[in-house]
Amino acid sequence: MGEYEEHESSQDPLHILRHSTAHLLAAAVTELYPDAKYGIGPPVEDGFYYDFAFSKPLTEADLPGIESRMRRLAQEGRPFVQETLTRAEANAEFARRGQDYKLELIADKVEGDDVSVYHTGDFLDLCRGPHVPTTRDIKAFKLLRVAGAYWRGDEKKPQLTRIYGTSWPSQKELDDYLKFLEEAEKRDHKRLGKELKLFTVDERVGAGLPLWLPNGATIRRELERFIVDEELARGYLHVRTPDVARLDLYRTSGHAQLYKENMYPPMVFEDGEELELRPVNCPHHIVVYQSDLRSYRDLPMRIAEIGNNWRYERSGTLVGLNRVRAFALNDAHIFCTPEQLMGEVKGAIELSLYFSEVLGIDEFSYRLSTRDDMKEKWLGAEEQWKRAQDALAEALTSMGQTYQVGVGEAAFYGPKIDFQVKDAHRREFTNSTVQIDFQLPERFQLEYVAEDGSRRRPVMVHRGAAGSMERLFSYLIERYVGAFPTWLHPVQVVLAPLTDAQHGAAREIADRMRRAKIRVELDARNQKVDRKVRDAKLQKVPYIVVIGPRDVEAGVISVRNRADERTQETVEAFVERVTTEIADRRR
């Protein structure tokens, strides 16, 4: 990406344009704020950013002024000129300009004595390029927002001001992207979560520790019932295990050594006992497996749990419900014979596909995550890894699925299939996984009694068919823009009596619906019915039932759905229709 930090140079024209626009931004900032110090400014997906240290706080209200200066510099057609300096010359030049962050990058990232820099008018940056010829080639850009970011992503270093922007070859492409952002903002689960009273995050509890409000908890409860019932029907055995365990358990599994940067510090007691908030469920399920001697007749043994996990994510990486510090994972661990392995992997993939079909997760891709050449990061022999990787690839191929390979994205104990989805802003994240593990059975000395009476080692499949409740919920909020299918919606029917005279009839109807397990609310406020209907629509309630004097007299109800389609029907007919829709989990 042209910088000397952790980015690589690229010849992609859009990449070059955005990198050049980042330099244009920094040139404008240093003209408007001469005492500003600038850090790094790489292109990113759909745009670019640049990090600065300002003597006074910068807000988004300052962006139009910066953008205006950028447009003036663009019109001047200033050339991007590369120059090679010696290390001493580069240090002297950036020191003269008071750019301490560039001096740090020269010391840490530049090899040899030659230092590549780029001039854009009076602005100078440490950079390998390439760039567009002149600033006049930068035609359509927009500054989007301001955020905080630690220097080089290190919480122990100063927090800088990050300015995000986007740049496109033409105004039409920019306008199209800004329209996309507008639509993405409408779908953003953080905004909808607040508007629909689904969840909240409070600093008194802590960042990355969401609180599920009654509406959100209702949806989660329905999701968990659906998931658990389906898993039970497929032969899974559901268990409950504690959120903490002795640290020695994670020393045996290898997490304490290879995953400790994501774990909380252990709780150490006076007697020396060390308890750890669990980052994963697998060691607990292994102990469940070991609670009895298993025979080949018991296998495959599918142990499942919606278990709470705790991981210390850096504050700068926390995003709504997508990346949190406490989450509940739809997790399972399958213990099987080598001969059963392929069938169990395919079964896990099929279950993920079924959950996706019912929930409406209709755009996703597969990533086969493998290890890289840094052998100290991984457990086990290379031959075992190859066997596991080949088995996962064969399972996908035999099911007609295509995939990409993610080198270095494996779990430390084995390769995995990641189901990759994108949020409303096109940010990709892993929603569910299937992993093959030969390592933990070895580390825990797992056994089963084979048909010939010998003791053999089972293979372990880690499987999260629906992913975490938090990530799944964030996706569904954005997928449905808060208008969840009736079976999931926290309030399925709102009853809106026209006047106080219909309250008695409305209460009887509400009782009838509750007995049929329909989630119904009676809006008994002293408000006009139009206001009641409007408020129910804002909450995206699937059905609004207006009850007037003529309805009571005729023994019917007036129903309107979210598409504002209206019917009149008996209570019995409506209840039967809605309960069938709920039972079928229609979308």
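Tutor: Start with threonine 430, which lies in strand β20. Strands are DSSP runs of E with at least two residues, helices are runs of H or I with at least four, and both are numbered from the N terminus. This is a predicted model, in which local features need pLDDT of at least 70, side-chain atom pairs count only at pLDDT 80 or more, and totals for chains, interfaces and linings use all residues. Residues are numbered from 1 along each chain as its sequence is written, and side-chain values use heavy atoms, with hydrogens and water left out.

Student: Why does threonine 430 count as buried?

Tutor: Its relative accessibility is 17%. Buried means under 20% relative accessible area, exposed means over 50%, and partly exposed is in between (1.4 Å probe, protein chains only). Therefore threonine 430 counts as buried.

Student: Which residues is threonine 430 in contact with, leaving aside neighbours within four places in sequence?

Tutor: Arg367, Asp418, Phe419, Gln420 and Arg471. Contact means heavy atoms within 4.5 Å. As for glycine 360, 70 residues along the chain from threonine 430, the two C-alpha atoms are separated by 16 Å.

Student: What makes the span of helix α18 close to the expected one?

Tutor: α18 covers residues 571-583, which is 13 residues. The expected span is 1.5 Å times one less than the number of residues. That gives 18 Å, and α18 reaches 18 Å from its first C-alpha to its last.

Student: Which residues of α18 are buried, and what puts them on the same side?

Tutor: The buried ones are Val571, Phe574, Val575, Val578, Glu581 and Ile582. They cover an arc of only 130° around the axis, so they sit on the same side of α18. The arc is that of the directions from the helix axis to the C-beta atoms.

Student: What do the buried residues of α18 pack against, and what does the face turned away carry?

Tutor: They pack against β24 (493-497), α15 (503-515), β26 (543-547), β27 (557-561) and β28 (566-569). The face turned away carries the exposed residues Glu576 and Ala583. After α18 comes arginine 585, with a positive phi near 50°.

Student: How many cavities of 30 Å³ or more does a search of the whole structure find?

Tutor: Two. A cavity is a set of points, on a 1 Å grid over the protein atoms alone, where a 1.4 Å probe fits but cannot get out; lining residues have an atom within 4 Å of a point. The volume is the space filled by probe spheres set on the points, which are joined across faces, edges and corners.

Student: What lines the largest cavity?

Tutor: Ser356, Ile361, Phe364, Phe419, Val421, Asn431 and Ser432. β19 (416-422) and β20 (428-437) each supply at least two of the lining residues.

Student: How does the lining of the largest cavity divide by class?

Tutor: Four are nonpolar, three polar and none charged. Ala, Val, Leu, Ile, Met, Phe, Trp, Tyr, Cys and Pro count as nonpolar, Asp, Glu, Lys and Arg as charged, and the others, Gly among them, as polar.

Student: Which residues line the second largest cavity?

Tutor: Among them are Gln384, Trp385, Ala388, Asp437 and Phe438. α12 (382-398) and β20 give two or more residues each. α12 gives the most, with three. By class, the lining has six nonpolar, three polar and one charged.

Methods:
1 Å grid on protein atoms, 1.4 Å probe; cavity = no way out; pocket = protein on both sides within 12 Å on 5 of 7 lines; lining within 4 Å.
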